[in-house]
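Here are some exercises to work through, each with a solution in steps. Try each task yourself before reading on.

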Amino acid sequence: MKLRYGKADENVRKRSIEDVILHERQKYAKGFRYEKQFPEMTGGKNGSMLFEGLGTGTVLLRSPLGAELAVLAAVNRLAARKIRAERIFTTLLLPAGTEEEAMRPLIRQACGTVFEHGMEIGEVQAEVTDAVNRPVLYVTAAGTRFHGCISDDPAPAPCISGKKMSSPANEIVLAGTAGMEGTCILATEYFERLQDRFPASLLSRMKDLRSRLCILETAETAAELERQRGQDLSAMVSPGEGGIFAGLWELAEKTGCGMKVDLQAIPLLQETIEITEYLGIDPYLMRAGGSLLIVCPDGEKLAEELRKKGSDAVKIGALTSGNDRVLINGEETRYLDRPQTDSLTAFC
């Protein structure tokens, strides 16, 4: 049955939203109370708000993983601000002529991702509109600060003041690997095409990277490790669209600093290197969900402790005074460009 224009009516909501949410909650989160009305972000005295931060994620749902990636993008953005997402609100925009059966799996994937990561659904809206020609999912995540964190990332004072920075001062750690999200998307969307070159077992492993795309626990662990030392993380950024280079640019903008980064130190999976070379894609400009850029006083120490906790992490550089954003690749030195179109978007 084709959906009619406007917001989903009561019957569609019951069949394809509320029943799907109930099923996914029972599948992933047994013991959760079923809240048929999906209450707003309230819960304190007189319905006062309890949440301390909001993060958003928007994805054009042309990927089979689109709904999941939109949820995780919102969750990861909050995590980089030291906020644990607790409730997810979604709005699904659908083009004219969409069948109700086509809507249901999108709702199922988004809600399944929410429950799989121990969060709750706040509200789900679906609407048919001429404003889009493909499904688009808007996600808002709401949550509370990590234990012991009082405020969002304080800017590193040495950069803001313009004074010369001591070493090690504000060093950059990368947790996770660059291009991991993009590799997962490619292995999922282009599985048959890539089978002409790569073993199915390798591609299946890359599809399974989806289980590593949430950086919430890594961010919380990093913040706790620094708190135990009586310090605070200067800044964190969750790279996404535009790849690790876009994430580094955002980090420089966020801190008001320059930076010097060793390009060869940025970790890439060997599979990512081989797949992107085969398809002609730049892995440094490819979606980088599942990685986290962290600024801290002692990058080597934090990276070592994160590895002990099970997170891949390595020091890749440091912030500097001034505005220069330098990438060092062996004997070659160049400057970081402004964020470009994601190489995965350009390829697709």
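**Exercise 1. Sort the residues of the lining of the largest cavity into nonpolar, polar and charged.**

*Step 1.* Set up the classes: Ala, Val, Leu, Ile, Met, Phe, Trp, Tyr, Cys and Pro count as nonpolar, Asp, Glu, Lys and Arg as charged, and the others, Gly among them, as polar. With these classes the lining divides into 9 nonpolar, 1 polar and no charged residues.

*Step 2.* Keep the origin of the coordinates in mind: this is a predicted model, where local features need pLDDT of at least 70 and side-chain atom pairs count only at pLDDT 80 or more, while totals for chains, interfaces and linings use all residues. Residues are numbered from 1 along each chain as its sequence is written, and side-chain values use heavy atoms, with hydrogens and water left out.

*Step 3.* On a 1 Å grid over the protein atoms alone, a cavity is a set of points where a 1.4 Å probe fits but cannot get out, and lining residues have an atom within 4 Å of a point. Grid points are joined across faces, edges and corners, and a volume is the space filled by probe spheres set on the points.

*Step 4.* Searching the whole structure gives 1 cavity of 30 Å³ or more. The volume of the largest cavity is about 50 Å³. Its lining has 10 residues, and T90, L106, I107, A110 and L137 are the closest to the centre.

*Step 5.* Assign the lining to elements, taking helices (H or I, at least four residues) and strands (E, at least two) as DSSP runs numbered from the N terminus. At least two lining residues come from each of β3 (83-94) and α3 (100-116), and α3 gives the most, with 4 residues.

**Exercise 2. Is strand β9 (residues 292-296) buried or exposed, and which strands pair with β9?**

*Step 1.* Apply the accessibility classes: buried means under 20% relative accessible area, exposed over 50%, and partly exposed in between (1.4 Å probe, protein chains only). In β9, 5 of the 5 residues are buried, so the strand is largely enclosed by the rest of the structure.

*Step 2.* Check the two faces. L292, I294 and C296 are buried on one side, and L293 and V295 are buried on the other.

*Step 3.* Look for partners, where two strands pair if DSSP finds at least two bridges between them. β6 (residues 171-175) runs antiparallel to β9 over 5 bridges, with V173 opposite I294. β7 (residues 235-237) is also antiparallel to β9, joined by 3 bridges, and here V237 stands opposite L293.

**Exercise 3. Which geometry does each aromatic pair have, stacked or edge-to-face?**

*Step 1.* Rings of Phe, Tyr and Trp (its six-membered ring) pair if their centres lie within 6.5 Å; planes under 30 degrees apart count as stacked, over 60 as edge-to-face and the rest as tilted. This gives 2 aromatic pairs.

*Step 2.* F198 and Y278 are edge-to-face, at 5.7 Å centre to centre and 90° between the planes. F198 lies in the loop between α6 (191-194) and α7 (200-207) and Y278 in helix α10 (residues 270-279), so the pair ties together parts 80 residues apart in sequence.

*Step 3.* F245 and Y284 are stacked, at 5.3 Å centre to centre and 10° between the planes. F245 is in helix α9 (residues 243-255) and Y284 in the loop between α10 and β9, 39 residues apart. F245 is buried at 8% relative accessible area, and Y284 is buried at 17%.

How values were computed. On a 1 Å grid over the protein atoms alone, a cavity is a set of points where a 1.4 Å probe fits but cannot get out, and a pocket is an open set with protein on both sides within 12 Å along at least five of seven lines; lining residues have an atom within 4 Å of a point.
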